[in-house]
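Visitor: I'm new to this. Could you show me how to read a protein model, one feature at a time?

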Amino acid sequence: MTALDNQQLTAAWKAHDQAAAAMATGPGQVFTPRALALQLAHTTLQPLQEAPQLLDPACGCGALLLGAIEWAFEHRPQWLACWAQGGIAGYDSDPACVAACQQAVSLALGRQAAQAISRRDSLQLSAQPCWDVVLANPPWVSFSGRHAVKLGRESRAFLAEQFAAFRGWPALHAAFCQQIAALVQPTGRIGLLLPLQMADLPAYAVARQMLEARHRLETLTDLGEAAFAGVTEPAGMFVFAPATGPAARAQWSTEQDHQVLRWAGRIAPLPTSAFGDIGIHSGNAAAFMFSATCKQGLLPVRQGRDIAAFSLAPAALWLNTGALPPGMYGRIPDPGVFQRARILLRQTAERPIAARHEPVAAFRNSVLACLGAPGHDDDYLLGVLNSALMARIHRALHRDARQRSFPQLKVGHLRALPVPGREIGPLYDAIAAAARDCQTARPGSSEQLERLVESAYAAASAS
Ligand SMILES: C[S@@+](CC[C@H](N)C(=O)[O-])C[C@H]1O[C@@H](n2cnc3c(N)ncnc32)[C@H](O)[C@@H]1O
């Protein structure tokens, strides 16, 4: 057993964090925070008793390796002697990452362990299934779609030829999934941090098939939109076990999905009349109706992009209410209609994003309206609608919300969302108060709101 102690671990993480902070981040170069690295290590390694030969094929500055080492230090200290002699390895194509990872691993386990960290292009390795465990947060880089990164013709041809998963969706993380599946023994385990949409986007079907060729998905955890600094794409933790054995194959949906779907069955939605698509439909007359500059006689008009959670920007567009010229059509509701909207929601969004409708103005149909609901407090509704839990419920109920490049919130989606009523007791007013605090950006208010909303759903589904 090595003489690893807390001081060494602290020094190793410090070296990791300093190197990661100094490294250029960007697509494919985002480093895992310590708590998440530990969570991945725990979920993946917990069933194992013998020291596994472990690889991170995209090791960056070593977060996942340190997470595994720290987890073993706590729970399987007998593994560390094997890992100190090269049983834990890391590859990265970036020499700066390799140097940083070597330093961090050497501080934790000694110089010999650091020799197992080397510069390699993991997608060029011959895929021999010689590892017991692979942990990876592979580069999330797509060469198609909204966030496409450019890729040279030769590299594209190489990746397409080598990886069927890349042909399904041209992305490095898709190719990595196939490569990782091939590197792990059939008796081994895999722990991956990936875009959550890999669970259900049809274009990732081949990557899913490859991962399930010899392993089965054991758990899938929705990590939300804040797992990695600077990344808003929802992340997931995907853990695979050997395909053999008695345990059932998990669905490619998260445990939280199942939970929220259970809630959706037990908690009623708001009445249909609570939501409406009542904004201006510009038909073929947008150029006539809207002006980016404020001129006399024009009225302010809001659009979806003016809405952020709990805050509404002033209108940046102006509306001409004059009669439409012949041949043009569109719909401008009476001014009183806009007054009825108590809360505005952004329509181009993959989750509810809501703000109080103050000051009142006209709005386009890129905005949906919440008209309030009998017995409900507007601040309460605002708090529930903006909560991370509601985002998860929405994604679970409407899986197509994950699958679209330009996701749209529909009135039908809003009308289906379960919303607890006053049966939750004092939690109701506490949520309304936390939502008021969120509107004034009081420190700690959004964390408080999330805790209260979680409790409210648990209470409502139990009652
Ligand atoms: C998302 S970062 C994760 C780093 C580290 N595992 C972590 O979790 O903090 C992905 C890493 O993959 C590396 N990488 C990208 N393409 C690679 C390739 N073809 N082979 C090996 N490493 C690669 C990048 O340099 C980057 O360090």
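**Reading the model**

Guide: Helices (H or I, at least four residues) and strands (E, at least two) are DSSP runs, numbered from the N terminus. Keep in mind that this is a predicted model: local features need pLDDT of at least 70, side-chain atom pairs count only at pLDDT 80 or more, and totals for chains, interfaces and linings use all residues. Residues are numbered from 1 along each chain as its sequence is written.

Visitor: Which residues of α2 are buried?

Guide: Buried means that 20 or more other C-beta atoms, placed from the backbone, lie within 10 Å of the residue's own. In α2 those are Ala-37, Gln-39, Leu-40, Ala-41, Thr-44 and Leu-45. Their cover includes α3, β4 (131–136), β5 (184–195) and β7 (235–242), going by contacts (C-beta atoms, placed from the backbone, within 7 Å). Over the protein, 45% of the 463 residues are buried.

Visitor: What comes nearest to the ligand?

Guide: A residue counts as near if its C-beta atom, placed from the backbone, lies within 6 Å. There are 24 residues around the ligand, and Phe-31, Thr-32, Ala-58, Gly-60 and Asn-137 come nearest. By type, the shell has 13 nonpolar residues, seven polar and four charged. Here Ala, Val, Leu, Ile, Met, Phe, Trp, Tyr, Cys and Pro count as nonpolar, Asp, Glu, Lys and Arg as charged, and the others, Gly among them, as polar.

Visitor: In what order do the strands of the open sheet run?

Guide: Strands pair if DSSP finds at least two bridges between them. Here four strands line up as β8-β17-β14-β15, with antiparallel pairing. β8 (275–276) and β15 (354–356) are at the edges with a single partner strand each, so one side of each has no neighbour in the sheet. β8 joins β17 (residues 367–370) over two bridges, and Gly-276 has Ala-369 of β17 as its bridge partner.

Visitor: How far apart are the domain centres?

Guide: Domain bounds come from an automatic or database assignment, which gives domain 1 (6–253) and domain 2 (264–462). Their C-alpha centres lie 38 Å apart.

Conventions
Buried ≥ 20, exposed ≤ 12 C-beta atoms within 10 Å, placed from the backbone. Contact = placed C-beta atoms within 7 Å.
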